[in-house]
Structure formats: structure tokens, C-alpha cells
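Trainee: I have not seen this structure before. Could we go through it one question at a time?

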Amino acid sequence: MSISKGNNALSLLREWMKKKNLDAFIVPIADPHGSEYVCEHYHTLQWLIGFTGSAGTMVATQEECVFWTDSRYHVQAGKELNPSEVTLVKENSPSLEMIASWLSEHMLNKGRLGIEGSLFSYADVEKLSTILTPKGIIIESKEEPFEEIWKECPLLPQNPFYIYEERYAGESAEHKLQRLRTYLREQNGEGMVISDLYEIAWLLNLRGSDVECNPVGIAYLYITLKGGYLFTFKKKITNEVQSYLQGLNISIREYNEVFSFIHSIKEKNILCDKEHQSFCIIESIPKECRMISLPSIITQWKALKNEVEIEGTKQAMIEDGIALVKALMFLEREIQKGELTEFSFSQKLRDFKKERKGFMDESFNTIASYQSNGAICHYRPPKENSSTLFPKGFFLLDTGTQYLFGTTDITRTFALGTLTEEQKRDYTLVLRGHLALSLLHFPKDTYGDHIDALAHYYLWQKGLDYFHGTGHGVGHFLGVHEGPQRISLRIHTPLRNGMIVSNEPGLYREGFYGIRIENLVLVSPSHHTEFGEFSTLETLTLFPYERKAIIKEILSKEEVDYINGYHQKVCDKLSPFLNEEERNWLLEKTQPL
């Protein structure tokens with residue numbers, strides 16, 4: 001893919017805007033399905049301004065280009081953007097309202113703002129309208145310009161779907177559809193529009209490979225009380241999948257027919273989530289239909305893992321732990337040669353993973369960041385000019401895997417050599433925040449934002465902090481980022497038994513190093529008292545913490561006991577699958593503090 005950093009991509013966009021009589025145009029990182037991770041066809045900001053992260057929004061006028069992204073990407077964006085072309089706005093959590101306010105200040109009355117309506121939710125367009133319409137600014141939904149102006153724009157992928165077997169899913173698609181139709185009747189609905197790729201994959205027990213590291217396929221789905229329609233490219237449907245869908249009474253339609261089809265639906269009561277469904281989908285629903293806007297029940301069901309999914313995830317953690325043992329032993333052997341780089345190590349790690357049972361792909365591109373690169377939260381080591389690893393300082397490794405039976409995500413920060421006292425103190429403070437959640441018992445269905453402060457507490461006491469969420473939900477052989485569950489001050493969602501979420505506080509000293517420690521945890525029943533049911537966060541991930549970075553004297557006895565118990569569990573779970581040399585290595589790494 002050609003990347004703009006001083007090329008004429010912005011000029012081409014501005015010429016297109018002139019032809020369309022637009023004064024401003026908004027370009028988000030998004031696709032018509034509300035995905036966080038998008039296929040290459042929608043990597044438009046990478047082409048326009050050179051930004052390679054997964055979250056951000058650009059506004060272009062004839063005179064200015066402004067880009068907003070969240071705190072995970074501030075350092076990265078600062079390195080990737082050309083400051084003579086693009087102004088970077090740093091906000092911890094930028095909102096569409098902030099962008100609309102900027103537009104209201106920089107556009108003249110009667111100005112015309114262009115958006116590609118399929119890339120914005122209906123609710124987002126309403127937010128823009130609320131702020132901009134009183135200013136006399138007209139919002140126009142246009143078809144995307146990039147197929148016209150970006151000559152090398154990748155085509156939408158058409159990789160085939162495949163059936164995800166019930167022995168891995170734990171529930172048949174037939175039963176899931178029965179549940180959904182029962183819910184439809186309870187809500188007095190007759191049809192439901194589903195655009196989210198992960199919801200479609202989960203509901204139909206289908207998987208694909210259209211989005212890097214995400215086992216989903218591009219499609220829309222419309223479900224009625226008796227049947228349904230899958231809108232996708234015909235090339236994606238094998239004979240086996242076609243027969244399977246026929247058994248579910250799901251008909252196949254072409255992907256681009258979805259809007260005309262929805263415009264002609266006969267059902268009168270339609271469930272459709274205005275907060276997340278695209279503006280173009282909502283606008284296609286006939287005006288005579290009664291639209292019932294509710295949060296998607298599929299997202300909630302998908303987040304609650306069944307016993308088969310939980311056991312599969314635990315097996316995935318064993319496979320991941322084995323691969324990591326082999327990779328870290330390799331790292332310790334090779335680092336003395338001075339030839340190992342961030343990129344070459346990440347490739348070697350992938351090789352070890354590929355040897356494991358059930359490996360399908362990575363769940364995201366490995367973040368292998370040495371020293372100052374660790375302060376870039378979502379750093380991706382480049383193939384060329386990647387930093388060489390030396391036996392000193394911190395090495396932050398954030399990696400995940402898609403196994404056929406589960407999805408993993410782990411972060412460890414390794415001491416490659418002698419550390420300073422400040423580095424050890426920082427590591428131990430981050431670890432204490434991580435342990436605060438690991439040791440926590442809380443009332444059943446407590447909201448994630450209610451416990452987030454515990455992970456920050458020890459950092460706050462020293463005047464330190466991090467600005468990303470502490471925990472995100474994780475799917476089951478689906479997206480490594482899954483909602484609605486979060487542990488974040490900004491997201492108010494209950495943590496229900498059966499949800500999998502990450503526990504990953506961090507600390508980032510720009511120009512020096514970054515520290516993050518992450519385990520995946522399962523929200524699980526804990527105990528019952530006269531005050532009600534309590535839950536806890538059962539740790540699923542299996543790999544030792546960095547003992548060389550821990551200042552034991554800072555820890556409480558309870559914390560030391562937890563670490564020692566966890567390390568014993570790691571040793572017990574992984575050792576049966578390791579050879580003698582690997583077992584001895586792991587035994588050394590899991591010695592009691």
C-alpha cells in the first residue's frame with residue numbers, strides 16, 4: 001500500500017471536495033459494520049496521512065487537516081504524521097462532539113460538510129446535526145471518494161466463509177437463532193438488521209478471514225421470525241456453507257443489494273440499534289416501519305461464554321504459554337549475539353505459535369517494543385530499521401493468538417538486563433495495580449468503571465498514571481477486543497459471570513520505556529453472604545511475571561502469596577508439555593519471591 005507523508009493524497013481529496021461543493025469532509029477509521037479493525041479497503045487514513053493505528057478521525061478543509069486520536073496513539077501519531085500537513089489533537093478520549101465543535105468554529109454559516117454515511121452510526125450523525133445544524137452547516141452523506149481518487153485502493157476481500165463446529169462453539173446456530181426469534185417476539189419485532197461482523201459470525205457459527213487477525217467475513221444479515229438473508233459476495237459461499245445456510249433457512253443475496261432490500265422489506269416492526277447501526281442502513285428502512293431501537297442482544301449473549309468456550313479458552317492459554325516459554329528461551333540465547341531485532345523476534349514468536357495445536361492466526365499484530373518504543377502503546381515493529389535488542393533495559397511484549405478453540409491476549413514486560421531502581425519501582429507499582437484486580441472480590445454485576453480506580457491507585461499515590469482503559473472484553477475465536485464489557489472509567493457496563501476481560505494497567509515514560517502487565521481473566525462466582533452474591537476475576541493467562549523487576553519489600557504479604565501461588569499454577573499447568581530443559585527454565589522463572 002502506498003502511504004502518504006507529503007504526497008498528493010490530500011490534494012486529491014480536496015479536488016474531489018471542490019467537485020462535490022464541500023467545504024469539509026470527515027474521514028474516520030471505520031467500515032460500514034462498526035468494526036474496530038477494518039480490512040485494507042478502509043485503510044484510507046494510512047493512505048491519506050500515513051497513520052497506521054486502529055482509532056482516529058481526520059477532518060479536511062481546503063486550508064486545514066486536523067486529526068484526533070486517543071491516548072494509546074499520541075506518541076505513534078506524532079511520529080507518523082507530517083506536521084506541515086496535519087495538526088494532531090491529543091485528547092485522552094476524543095469524542096465526535098469535540099470534532100463537531102471544531103467544525104462549528106472553523107466552518108462558515110451555510111457551509112457544507114461531507115460524510116460517508118455508511119461509516120457513521122445513525123446516532124453519530126444525530127450528534128453532528130445537533131451541534132452543526134443550528135450553525136447553518138449542512139451535512140451531506142456522500143458515497144466514499146476513495147475508490148475514485150485512490151487508484152490503488154484494495155478491493156473488498158472475498159475470502160470464503162467456513163463453518164465453526166459446534167464442538168468449539170458450544171451451541172448450535174439453530175439454537176442461537178431460536179433464542180433470537182424468541183427475543184424478537186418478546187419485543188414485538190418481526191425483523192432485525194445485523195451489520196456487526198462479529199455478531200454475524202457468532203450467531204451463524206461462521207468464520208472467515210477478511211480482516212487481518214480477525215476470523216470474520218464481510219456481510220450483512222437480516223433475520224425474520226421464519227428465516228433470514230445473508231448479504232455477501234457469492235464467491236465467499238462454498239457449496240458446504242450454502243447447504244449449511246439452507247438448513248438454517250438463510251438465503252444468500254449479493255452484498256451490495258442490502259440497502260435496496262431493506263428499503264423494500266414487508267415487516268412492519270424492525271429491531272435496529274441506532275447507536276451502532278450505520279446511518280445508511282437506518283435511512284434505508286421504510287418510513288412506514290416502526291423501528292425498535294435497542295442495544296443488540298447478540299452482543300450481550302456473545303460476551304457471556306458457555307462452558308465449552310471457557311474450557312477452550314483455558315486450553316488456548318496452555319498452548320500460548322508453551323509457545324511463550326520456547327520464545328523467551330530463544331530470546332535469552334540469541335540476545336547476546338546483538339543481531340535479534342523487535343521484528344525478527346516477533347516473527348520467531350509467530351513460528352513457535354504456529355507449531356501449537358489449533359493455531360489459526362495471531363489475534364493482533366504483535367507489539368514487540370524495546371526501551372523507548374515501549375512508551376508507544378500500540379507500537380508495531382517495522383520490518384526495516386526495527387530496534388535491535390540488547391541485554392539491558394525493558395522489552396514490552398504484547399501478543400495474542402487465534403486458536404480454533406479460543407482467543408488469547410497477554411502482555412509481559414521483560415528485564416533484558418540490569419534495571420535501575422526507578423524502573424523496578426515503576427514495574428512493581430504497575431504490578432500492584434494488576435494484583436489489586438486479581439485479588440478483588442466484588443458484588444455480582446458490579447460495573448467495570450467502579451473497580452478501575454483500584455488498578456490506578458498505587459500509581460496515583462506516586463503522582464503517576466496511564467490513560468488507556470484497564471480492561472477490554474475478549475471474544476471466543478473472534479475479536480480480541482469485544483464489548484460490552486470493559487474496565488474503564490469511561491465505560492459504564494456490568495461485569496457479569498462468564499465474561500472474559502483483560503487486566504492490563506501500565507505506565508509509559510515517553511522517550512525512555514513502557515511497562516504493561518496483562519492477563520485475561522474470567523468473571524466468575526466467588527461466594528455468597530447475607531449481602532448477596534459476589535464475583536471475582538479468575539486469571540486464565542499462564543506465564544510468569546518478571547521476578548527480576550519486582551521489589552518484594554513494596555509488596556504486601558497477600559500480594560507475595562498471590563504471585564507465588566500463581567507461579568506455581570503456571571508451572572503445574574505448563575510443565576507436562578515441556579521438555580526437561582524447558583521445565584528447568586520455567587522452574588527458575590517461577591521460584592517463590
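This is a predicted model: local features need pLDDT of at least 70, side-chain atom pairs count only at pLDDT 80 or more; totals for chains, interfaces and linings use all residues.

Trainee: How much space lies in the largest cavity?
Mentor: Searching the whole structure for cavities of 30 Å³ or more gives three. For the largest cavity, the space comes to about 50 Å³.

Trainee: How many helices and strands does the protein have, and how compact is it?
Mentor: The protein has 19 helices and 28 strands. For 593 residues the globule rule gives 25 Å, and the radius of gyration of the protein is close to that, at 25 Å. The protein is therefore as compact as a globular protein of that length.

Trainee: What share of the residues in the protein is buried?
Mentor: A residue counts as buried when its relative accessible area is under 20%. Of the 593 residues in the protein, the buried share is 59%.

Trainee: What share of the contacts with a separation of 6 or more joins residues 24 or more positions apart?
Mentor: A contact here means heavy atoms within 4.5 Å. Among contacts in the protein with a separation of 6 or more, the share from residues 24 or more positions apart is 70%.

Trainee: What part of the accessible surface belongs to carbon and sulfur atoms?
Mentor: The accessible surface of the protein totals about 24,500 Å². The part belonging to carbon and sulfur atoms is 48%.

Definitions and conventions:
Residues are numbered from 1 along each chain as its sequence is written. Side-chain values use heavy atoms; hydrogens and water are left out. On a 1 Å grid over the protein atoms alone, a cavity is a set of points where a 1.4 Å probe fits but cannot get out, and a pocket is an open set with protein on both sides within 12 Å along at least five of seven lines; lining residues have an atom within 4 Å of a point. Grid points are joined across faces, edges and corners, and a volume is the space filled by probe spheres set on the points. Helices (H or I, at least four residues) and strands (E, at least two) are DSSP runs, numbered from the N terminus. The radius of gyration is taken over C-alpha atoms; the globule rule is 2.2 Å times the number of residues to the power 0.38. Buried means under 20% relative accessible area, exposed over 50%, partly exposed in between (1.4 Å probe, protein chains only). Accessible areas come from the Shrake-Rupley method with a 1.4 Å probe; for residues, only the protein chains shown count as cover.
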